[in-house]
Amino acid sequence: MHIVHIASELAPVAKVGGLADVLLGLSREQSWKGHDVDIIIPKYDCSDSNEIRDLNIEHKDLMSFYQGEWFHNTIWIGWVENLKVYFVDPHHPRHFFNRGCFYGCDDDIERYLYFSRTAMEFLFKKQIQPDIIHLHDWQTSVISPLYYEMYYPMGYKKPKTILTIHNIEHQGKCAVENLDNIGLDGKSLLKPDKLQDPFYPKSINLLKGGIVYSNYVTTVSPNYAKEVMSPQGGRGLESTLIANSNKFTGILNGIDYSYWNPEIDRYLPNHYSSREMPANKKDRDTLDRKAYLKKLLREELLLSEDHKPIVGCVTRLVPQKGIEMIKHALKYTLEKGGQFVLLGSGPIPSINQEFHSLKNQYADHPDVNLTLHHQEELAHMIYAGSDLFIVPSLFEPCGLTQMIALKYGAIPIVRKTGGLADTIFDVDYSEKPFEERNGYTFDFPDNVGIESALKRAIDCWFHDPDKWRKLMINGMKIDFSWNLPSNQYIDIYQKLITPPSS
């Protein structure tokens, strides 16, 4: 099967959040299973070109339409983690992807509409005819309307389209003229059963267009699929999803165990697993080696060497992630005799300022370290060196950090929402057998809620080490690889391309 993924991010070349990791992990798993997988992303000037192998020009002078004119584009081809990737490089006078950033420009809508039209022009003019075109989030969701309104009538008819919603909060709301700019008839699409925004009837909703026009729609966890079909979770698109529920499902994201795995992690100075070594071996059991990484983490971050649990947090500092609860967890952890380590950064100046103030406040504290710019090696060390790991999200479509924490033997403390509810089962209150319990959860997103879970976790760490060790092993043994979800996607693809039996 030939699959083309079109997206705005791809790890490790152009990464902002989980979308980049998902695209890499899913594409790589599909490729390993024998499918022909291509990826199309923008060629950002801030991409990490060191992660691209054999970068060459594939199409020197691809013409693409925008605002009544045709503009030149270069399509580059390179290999990222053994995946073929096409990079769209516009020669438009507005330099859409030469901004020194991935997102956050005033004209993000126009940037990704231009990219979407150019990606389709490339597939059409090169006559690349995949079985599946897989789109991701609002940035590329307009490709489904483009395909069926423009390219399908011109004879480009083989592919089926599928859209994955990674976060329904961001929908790509814009004006009718924005669609006109890429050659669509915006006025004809401003209809309730097409791209008309449910809250602003004079506006276009790109994500809605992807839902309506795609042959299938997924989101990134089963529980989030339920939440987005409610008024609270759907952000206005719940009725559209309900109307299209026959082609909508939630598939839990996986994580890449070739990258996130304490047994082989390239960033760790020593490795460990949940396995117990035989008693007659000189080696200590491998799980005990985690304690050495905790010691190294403390040395690196200048934390005191005391018998205390480390509470870790690796997150984007945006409101979705529960900013007030993170700040409260820091103070409460210290009250309960623990240490707190945060690695976080974000695009919102006011939130950044709050955390820089906290960093200054705790600058010389022996039990606190706040690092406010991303460091990949430190992220791996925090997972490996932490005892507990907090994810107090207000909402969380899937979440990858809690699954990574489990693999590293750091017990997650999470709010029971979205994919967090699909992956973390409370050690004290879950109805599952003890062997399937793997963390601590709370329901209401406030300080009382996170305190209730943190208290139980820290008390267990201090007073019941045998139970804690069993809980660590439970989590480390769970398989959250891409094997199962990739099969679920392939099954959907297969059904889409299989002609109905007569």
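In the predicted model, helix α2 (residues 108-125) packs against helix α4 (residues 143-151) at an angle of about 50 degrees, and the two axes lie 10 Å apart. That angle makes α2 oblique to α4, and α2 passes α4 in a right-handed crossing. On the α2 side, the contact involves Ser116, Arg117, Met120, Glu121 and Phe124, which meet Ile143, Leu146, Tyr147, Met150 and Tyr151 of α4. By residue class, this contact comprises seven nonpolar, one polar and two charged residues. An α-helix has 3.6 residues a turn, so residues three or four places apart point the same way.

Helix α10 contributes Lys290, Leu293, Lys294, Leu296, Leu297, Glu300 and Leu301 to the contact, and α13 contributes Leu378, Met381, Ile382, Tyr383, Ala384 and Gly385. The residues of this contact divide into nine nonpolar, one polar and three charged.

In soluble globular proteins, nonpolar side chains tend to be buried together. The largest nonpolar core of the model has 75 residues, and Phe340, Phe355, Ile413, Tyr440, Leu454 and Trp468 have the most contacts inside it. Helix α16 (residues 447-463) supplies the largest share of this core, seven residues. When residues up to four places away in sequence are not counted, Ile413 touches Leu388, Phe389, Ile390, Val391, Tyr440, Phe442, Ala453, Leu454 and Ala457. Another core, of 58 residues, lies apart from it and includes Tyr112, Ile128, Trp138 and Val228.

Leaving aside neighbours within four places in sequence, Lys327 is in contact with Glu354, Phe355 and Leu358. Thr219 belongs to strand β10 (residues 216-219) and is also buried, with a relative accessibility of 1%. With neighbours within four places in sequence again left aside, the contacts of Thr219 are Ile165, Tyr224, Ala225, Phe248, Thr249, Gly250 and Ile251.

Most residues other than glycine have a negative phi, and most peptide bonds are trans. A cis peptide bond, with omega about -5 degrees, joins Ala11 and Pro12; Pro12 is found in the loop between β1 (2-6) and α1 (18-32). Gln67 has a positive phi, near 50 degrees, and is located in the loop between β3 (53-66) and β4 (69-80). Its relative accessibility of 43% places Gln67 among partly exposed residues. For Glu81, phi is likewise positive and near 50 degrees. Glu81 occupies the loop between β4 and β5 (83-90) and is partly exposed, with a relative accessible area of 28%.

Notes. Residues are numbered from 1 along each chain as its sequence is written. This is a predicted model: local features need pLDDT of at least 70, side-chain atom pairs count only at pLDDT 80 or more; totals for chains, interfaces and linings use all residues. Side-chain values use heavy atoms; hydrogens and water are left out. Axes are lines fitted to C-alpha atoms, for helices over the stretch in contact, and angles run from 0 to 180 degrees between N-to-C directions. Helices (H or I, at least four residues) and strands (E, at least two) are DSSP runs, numbered from the N terminus. Angles under 35 degrees count as roughly parallel, over 145 as roughly antiparallel, 65 to 115 as roughly perpendicular and the rest as oblique. A crossing is left-handed if the near helix is turned anticlockwise from the far one by less than a right angle, and right-handed if clockwise. Contact means heavy atoms within 4.5 Å. Ala, Val, Leu, Ile, Met, Phe, Trp, Tyr, Cys and Pro count as nonpolar, Asp, Glu, Lys and Arg as charged, and the others, Gly among them, as polar. A nonpolar core is a set of buried Ala, Val, Leu, Ile, Met, Phe, Trp, Tyr and Cys residues joined through side-chain atoms within 4.5 Å. Buried means under 20% relative accessible area, exposed over 50%, partly exposed in between (1.4 Å probe, protein chains only).
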